[in-house]
Amino acid sequence: MTTKKVNLSDYDPSSVPNGKPFTIGIVVAEWNPDITNAMLEGAYQTLLDYSVEESNIPVMHVPGSYELTTGAQMMLRGRRCDAVICIGCVIQGETRHFDFICEAVANGLTNLSIKEEKPVIFSLLTTNNMQQAIDRSGGKHGNKGIEGAVTALKMCRNAVEFAK
């Protein structure tokens, strides 16, 4: 089944909770910086738009996507974040390196989220080419950074509601 090619960052603004009480960290890979910085800007601005205090949005840069898991763990433990958005971009090449990195990051972030009992948001683009990455980092298919921020806010709300 194929997905209709639309802006996937469209969402109902009224469904997103106020972020004032939350600290939401962002860990961003330095690899493919034109893509990851665009996603960082989208995530950061969205958090601000939903009232997360600027001082409650720590940002950590890590060398590549493989390091997102360790960066997220440092952020959760050191900054005591309510959630962490992990931003990266891995583009398919001629070797299996792509598969190893993507699988390791997906498993690492999932396991970290379970272990720490905090939302760890997967905003890792795994594309076949640079154009697909551009399309998903502010292009015709939206910005996965924005989507990550919305997801983090919703998961923080859920954590508060289900802790009662």
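I start with a rule: two strands pair if DSSP finds at least two bridges between them. Helices (H or I, at least four residues) and strands (E, at least two) are DSSP runs, numbered from the N terminus.

I note that the model is predicted, so local features need pLDDT of at least 70, side-chain atom pairs count only at pLDDT 80 or more, and totals for chains, interfaces and linings use all residues. Residues are numbered from 1 along each chain as its sequence is written, and side-chain values use heavy atoms, with hydrogens and water left out.

Entry 1: (Axes are lines fitted to C-alpha atoms, for helices over the stretch in contact; angles run from 0 to 180 degrees between N-to-C directions.)

**Entry 2: strand 3.** Which strands pair with strand 3 (residues 83-91)? On one side I found strand 1 (residues 24-29), parallel, over 5 bridges. There I24 stands opposite A83, and V28 opposite I87. Strand 4 (residues 120-127) also runs parallel to strand 3, joined by 8 bridges. G88 faces L124 in that pair. Between strand 3 and strand 4 the chain passes through helix 3 (residues 97-116), a right-handed β-α-β crossover. (Right-handed: with the strands pointing away from the viewer, the path from the first strand over the helix to the second runs clockwise.)

Strand 3 is largely enclosed by the rest of the structure, because 8 of its 9 residues are buried. (Buried means under 20% relative accessible area, exposed over 50%, partly exposed in between, with a 1.4 Å probe and protein chains only.)

I then checked helix 1 (residues 33-49) against helix 5 (residues 144-162). Their axes are 6 Å apart, at an angle of about 35°. The residues that meet include G42 and A43 in helix 1, and G145 and A149 in helix 5.

**Entry 3: cysteines.** How many disulfides are there? I searched the whole structure and found 0 (cut-off: a pair of cysteine sulfur atoms within 2.5 Å). For C102, the nearest cysteine sulfur is that of C89, 9.3 Å away. C156 is buried, because its relative accessibility is 2%.

How values were computed. Contact means heavy atoms within 4.5 Å.
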